[in-house]
Amino acid sequence: SWQSASMSTPSNSWSAMRGPEHSGQASSMPSWQNNPAQDARARAIAEAEAAEAAARLEEEEALRALEEIERQEAELRACQQQLLLGQDPAYLARRQEEERAAARAKAEAEAAKKAAEQETLRKNATKDSLEKAKADAEAKWAVAEAKWGAAEKALMNTKTKEGQEAAAQAVAEAEAAEEQARIAEEKANAAKESLANIESSSAAPGSVPKPDASHSTLPTASTNNVSSNSPAVAANGGMQKATANNTQSTASYMGGVNNASANKTQSTASFMGGVYNANASNIQSTARNAGGQAKPETYASNYAQHTGSLSGHKAKPDPTPFTRLPVGGSSAREASMNPSIGEATTALNSTACASSEGTSTPNNRNIPGTPDCVSVAGEGMMNRTTSLATLDQLLDNDELLKLRGQMDQKVTEDRPARYGARHLNTPIVIVSSEINPWSKTGGLAMVAGSYAYEFAVRGHRTMAIAPRYANYPNCFKIGTASVWLDGQAHEVSYYHQRQDYGEGRGCDFIFVDHPSYHRPQGLYGDPAKGGEYEDNCFRFSILCLAATEAPLVLNLGGSVFGQEVCFIANDWQTGILPVYLVHKYKRNRTYAKARCMMVLHNMGYQGRYKKSKFPIDSFFGLPPEADADLQGHDMHWGLDAINLLSAGIKLADRVLTVSPNYAKEIQSPEGGQGLHDTLRDKANAGRVQGILNGISDEWNPATDPHIAQRYDQANFEEGKRRCKAAFQRELGLHEDPNLCLIGFCGRLCHQKGIHLITESIDWMMQNEGNGVNGYVQIVMMGKGETIYQTALQQAEANHRGRVCGYVGFDPAVEHRMMAACDILLMPSQYEPCGLPQMYAQQYGTLPVVHETGGLKDSVMGLWNEAADQETATGFLFCGFDKGKMMERLWQAMQLYRKNKPLWRQLQLNAIRSNYYWPGAIDEYEKNIDSVMEENAAAIW
């Protein structure tokens, strides 16, 4: 009320205080004149205004005090509610139960911690026991090995009674030492089993081991409930060299030395006979090792895990263990007992690797695939099958061995002595995506098949591994394994076929079976759809994983191959194999002494894929260190790329190409297909070499059963004349010995230069009055791109009786073509090696080739008739150009027509050339010796 009376309208109250005479009126008194009454009123007004301000402040303080009281009252009410709730029995019970549960959890956690500490102590103690037991077993096996070595020497001198007694004593000592070693091994096995139980009990129930980069996820092998993993080779044991004849003895660190009838030896008299029966397998003793190699019995390497457990590294077992089945033969009895074994099916239609994101070809040109069912034509007919005849082999192993023996007997003075390899005891493991005669799309299959034959004949224990694309006859399942890829386990099966080449030598062909391989459309892609299969990266990673397992777990002929092997990986499909060797196995001290040679057959295919689609860790199961090795470069993907071939080149111990010149070309930007820097770095380290492929012994006119008349250097003119006449009749060409017969056999595609030939046919057929043009016949056989198939058919239609344009392949006809033709055309844009030009020279047919790759290495050109007549074997042109080809082709046709003596000399030079495999294998043996004796290219 006081506020409204004194403050609501201060101006009015001030006017009232002044009196009516001052309301709205100006003072009549001058401003300078003193007026006491007015001054008093002014002071009263000022005091009233001050009082008014003080009242306002008091009001604000009162409001704040009121707010504080209200806040305190709210807090008091909340505290009262909490107090009332705390007195509720149900609430108090819940709180007490929660406190007791927390106490129990804490106690359990402390108990678990103590148990884990005790488990760790127990595990460490068991590991120490295992290490001691292993060391003791290794030492005792070393003693046993030495004792058996002494026994071997004693057995070599049993002609006298004293020698017999000494041999018996030596054998007894060796057996005693072996028994002690076995006891030590059993202790090691028990320690290992104890450690495994400890570790398995600590794992979560039902959990599946997950692969990681720090452990090799290898399957374990078992037979009759006894683990039969790989014997440690070299440092961890392995087959020793027999002292008498440098053959492999039956000794094995972990497999025992000449285990005889459960360690019960035969009498001394049995040693006199030289036969030392081992177990139930009748293994010949080392007493007869002077005449051959004894086969060791199955290794009982129970604790020598192939994942490096002898060095303290435990392998994580795969969920599915390796299962060994009885090794099957090819007998009719076994096939009848199991109809599913040996079931023959029609040949697989395989296709070439088409251009795609995983397998790009130079200049982005697709090479369409062709099925390759082989069918041998009879004499006098052309069986138009779809086999790649330039790469077919018509003879069986017995015939090839017979030819090899005949060739070896014809030793000439100018033939160099065969190289004396230092590592013939090193097993060879060949890994290829295709192998003749089971699967092939090109030269890779033929070369892989030749590796298998040649290394075995040389004396190496040899294994060749390829996918099982179809149900191959006489191949028998010998086991299964589980490998990790793409975040899970995948089961693969191993099928086996043994091919013997005499004198105890042969090759074990292993076919890896997985559902992803069973695609009849083609090996690498479906030609109807174009490109490669989207899962090729997966398919061939499975192959490489299975291939690295095979030497460790497959019991072949009584033993595994072991760790000290030399892998020969071929092309991009096996590029990941050296990566797994380094980052999965060697980092875990497995395959420590193994080496890998990477053979490049065609740089146009590299296995490029997106890293985001195939991650290094989750897909390949590799550690982060592998990322740099697999890193690829792509103009579209940038750094989101992996390159399998590049990775294989980086980590291989030696990179080999299929010709010396190709080894140089791939180090250039033009020939390296983007990998020239990597290859140049490898070459600077001395780890790149080119070796010209060899050709099979069957390509010999002196022994060829498919030609009209066999011939050699002494009668080649008459022999070729008869072969030419028969071939002209067979193909419906005019029979005229004076016409120059020109041949081509190969895939019909741009890379083979087929367009250079088809565009020159009219020029060759046109008679220009010079005695050369127009005096020509042409035979072209091949299959490939439709445009070139049509061109061949059109050329034949336009020049009946003078041109044979044959779409298809026939292997026997190819032999007859080499014997009948005067000139072979091979104008390939690039050719890493090439085989037809070498076939042709053996038959006295002179090649006209583009100066590239292996063509340059295998054809000696006639550049100067006077200077080169004693060495020239053909004609080379520089530049992938029709005009350049026609220039050299004219030289060849003109020489054939008008200079017979010089032509004959060139034919003789060509027939005398030697491009057979024994010379090439000598170079491979030198590289094997080098890589096995040098440090590995990548060391963990």
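Predicted model: local features only at pLDDT ≥ 70, side-chain atom pairs only at ≥ 80, totals over all residues.
**Entry 1. Salt bridges**

I counted the salt bridges and got 28. I then looked at a few of them one by one.

I took Arg 71 and Glu 68 to begin with. Their closest N and O atoms are 2.3 Å apart, and the pair forms a salt bridge. Both residues belong to helix H3, with a spacing of three residues, about one turn of the helix. I checked the cover on each side: Arg 71 is partly exposed at 39% relative accessibility, and Glu 68 is partly exposed at 31%.

I went on to Lys 140 and Asp 136, whose side chains form a salt bridge at 3.5 Å, N to O. How far apart are Lys 140 and Asp 136 in helix H4? The helix covers residues 89-155, and the two are four residues apart in it, so about one helical turn separates them. Lys 140 has 27% relative accessibility and counts as partly exposed. Asp 136, at 30%, also counts as partly exposed.

I also looked up Asp 627 and Lys 611, which meet through their side chains in a salt bridge of 3.3 Å, N to O. Is Lys 611 buried or exposed? I noted a relative accessible area of 16% for Lys 611, which is buried because the limit for that class is under 20%. Asp 627 is partly exposed at 28%.

I noted one network as well: Glu 97, Arg 100 and Arg 104 are joined by salt bridges that share partners.

**Entry 2. A charged patch**

I searched the surface for patches of like charge. Glu 58, Glu 59, Glu 60 and Glu 61 gather in a negative one. I followed up Glu 61, which lies in helix H3, residues 36-86. Its relative accessible area is 49%, so Glu 61 is partly exposed.

**Entry 3. Cysteines**

I searched the whole structure for disulfides and found zero. Cys 596 is buried, with a relative accessible area of 2%. I also checked Cys 475, which is buried at 5%.

**Entry 4. Backbone geometry**

Most residues other than glycine have a negative phi, and most peptide bonds are trans.

I found a cis peptide bond from Asn 436 to Pro 437, with omega near 5°. Pro 437 is in the loop between strand S4 (428-431) and helix H9 (443-458).

I found a positive phi of about 55° at Asp 486, which is not a glycine. Asp 486 is in the loop that runs between strand S6 (476-485) and strand S7 (488-502). Its relative accessible area is 39%, and Asp 486 is partly exposed.

Tyr 591, not a glycine either, has a positive phi of about 60°. I placed Tyr 591 in the loop between helix H11 (576-585) and strand S10 (595-600). With a relative accessible area of 0%, Tyr 591 is buried.

Methods:
Residues numbered from 1 in each chain as written. Heavy atoms only, no water. Patch = residues over 30% accessible without salt bridge, like charges linked within 9 Å, V, L, I, M, F, W, Y side chains within 5 Å. Areas by Shrake-Rupley, 256 points an atom, 1.4 Å probe, with all protein chains shown as cover. Salt bridge = Lys/Arg side-chain N within 4 Å of Asp/Glu carboxyl O. Lys, Arg positive; Asp, Glu negative; His and termini not counted. Charge placed at Lys NZ, Arg CZ, Asp CG, Glu CD. Buried < 20%, exposed > 50% of the residue type's maximum accessible area, 1.4 Å probe, protein only. Disulfide = S-S within 2.5 Å.
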